Amino acid sequence: MTELQEVQITEEKPLLRAPGAPDPGKDAELIAAKLLQEQGQKHTVETPYGVVTITIHGTPKPKRPAILTYHDVGQNHHSCFDTLFHYEDMQEIIKNFVVIHVDAPGMEEGAPAFPLGYQYPSLDQLADMIPCILQYVNFTSIIGIGVGAGAYALARYSLSHPDTVEGLVLINIDPNAKGWMDWAAHKLTGLTSSSSEMILAHLFSQEELSKNTELVQQQRDILSHATNLPNIQLYWSSYNSRRDLSLERGGDITFKCPVMLVVGDQAPHEDAVVECNSKLDPTQTSFLKMADSGGQPQLTQPGKLTEAFKYFVQGMGYIAYIPDKKLSQGGFILHDTPVPLTHRLSVQCRIGRREPLTLTHPVPEQRGRGATAPCPHHGGVLLSAGPGDKTASHL
């Protein structure tokens, strides 16, 4: 009779784990979730005016709007916003929100050129695509961040759907339609300059172009190698055919939410943003004019813009406390108390002042559509929102 032998069998995938042992499956899910958060989920949304591509980061938070971004001509959401949204301090803010990046039709990475004769949407129609996007992602309200043409589209959407917009950050917005003189100048420029060069002049200051900065070189390289350059030209044409927003301080056509206007010192759209500021409700509007930022402050000064956005969102009641922080780039320190009743902004200038300048601003206790705290001034000129709007306070 054969003798029985004891054989040790070890399960490759045990059904039960020892108490306290790590769960490999759960760890893998966490890693996948983190990668998904970093890379974003790309979706295509059908609208009456064509297909639009969106990229979603984060998971929904109860009773919070989504942050929705819209880029400028010659850019997509990566080239326009990655520098800002990957900034470390910005990560601390947006972790509390879902972020929806919108790529205008045909502007997403790898987009093929539209066929000849394709009717590109107007900026008004681009704005009318946003309700379809919000319905697709099941959100009822947003905080919009737009640059240039994207800022115009968000502004137009806010005017037609005021109840769905809780705040706007408009960078380099030009609310005016092109006049006959502008149209003639544009046509003459088009005879001597390529569309790529005109777009560069739209994006960057003359100083940046003359110095041929690294950002200018990168953007020129993107445009020269863009397989979707015909699409970019169509977006550019729609921007130049925009209608006047017809904003009027104290009138019926105005924003119903807090607005932060941002422009760089000596930027191509500096005068247009100043004029826009003069047409808005001073109790709802903050104006941030940033020195040494050129035409793309979200790319050249992400730290300063992040701090301003943090203050802006806190004024809306979504961030209850901003700890003391000193930014190396701005030469100022922000101080705040845990109770969001009053903000104290200490601006310590390294040049021209020996003593810190302290300002006190009221902030609403609860989120709503009331007045918000003015944004802190970051190294440029903060224009008053008073009747004249031409007086400036140098901090």
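Guide: We begin with a definition: buried means under 20% relative accessible area, exposed means over 50%, and partly exposed lies in between (1.4 Å probe, protein chains only). The model is predicted, so local features need pLDDT of at least 70 and side-chain atom pairs count only at pLDDT 80 or more, while totals for chains, interfaces and linings use all residues. Residues are numbered from 1 along each chain as its sequence is written, and side-chain values use heavy atoms, with hydrogens and water left out.

Visitor: At 46% relative accessibility, how does E92 count?

Guide: The partner of E92 is K95, and the two form a salt bridge whose closest N and O atoms are 3.0 Å apart. A salt bridge is a side-chain nitrogen of Lys or Arg within 4 Å of a carboxyl oxygen of Asp or Glu. K95 has a relative accessible area of 49% and is therefore partly exposed. With its value of 46%, E92 likewise counts as partly exposed.

Visitor: How many salt bridges does the structure hold?

Guide: The pair of K95 and E92 is joined by a salt bridge, and E270 forms another with K289. The total for the structure is nine.

Visitor: Which parts of the chain are linked by the pair D124 and R243?

Guide: The side chains of D124 and R243 meet in a salt bridge, at 2.7 Å from N to O. The two residues are 119 residues apart, and the pair links distant parts of the chain: helix 4 (residues 123–128), which holds D124, and the loop between helix 11 and strand 7 (259–264), which holds R243. Helices (H or I, at least four residues) and strands (E, at least two) are DSSP runs, numbered from the N terminus. The parts asked for are thus helix 4 and the loop between helix 11 and strand 7.

Visitor: What is the relative accessible area of E270?

Guide: E270 forms a salt bridge with K289, the closest N and O atoms lying 2.4 Å apart. This pair also links distant parts of the chain, with E270 in helix 12 (residues 270–278) and K289 in strand 8 (residues 285–290), 19 residues apart. K289 counts as buried because its relative accessibility is 11%. E270 is buried too, with a relative accessible area of 13%.

Visitor: Why is strand 4 largely enclosed by the rest of the structure?

Guide: Both faces of strand 4 are covered, with V99, H101 and D103 buried on one side and I100 and V102 buried on the other. Strand 4 spans residues 99–103, and it is largely enclosed because the number of its five residues that are buried is five.

Visitor: Which residue stands opposite V102 in strand 4?

Guide: Two strands pair if DSSP finds at least two bridges between them. Strand 2 (residues 50–57) runs antiparallel to strand 4 and is joined to it by five bridges, with H57 opposite V99. Strand 3 (residues 66–70) pairs with strand 4 in the parallel sense over four bridges. The residue opposite V102 is Y70.

Visitor: At roughly what angle do the axes of helix 8 and helix 10 cross?

Guide: Helix 8 (residues 195–203) is largely enclosed by the rest of the structure, because seven of its nine residues are buried. S196, E197, I199, L200 and L203 in helix 8 meet V216, Q219, R220 and L223 in helix 10, where contact means heavy atoms within 4.5 Å. Axes are lines fitted to C-alpha atoms, for helices over the stretch in contact, and angles run from 0 to 180 degrees between N-to-C directions. The two axes come within 10 Å and cross at roughly 145°.

Visitor: Where is N138 found?

Guide: N138 is not a glycine, yet it has a positive phi of about 65°. It counts as exposed because its relative accessibility is 68%. Its place is the loop between helix 5 (130–137) and strand 5 (142–147).
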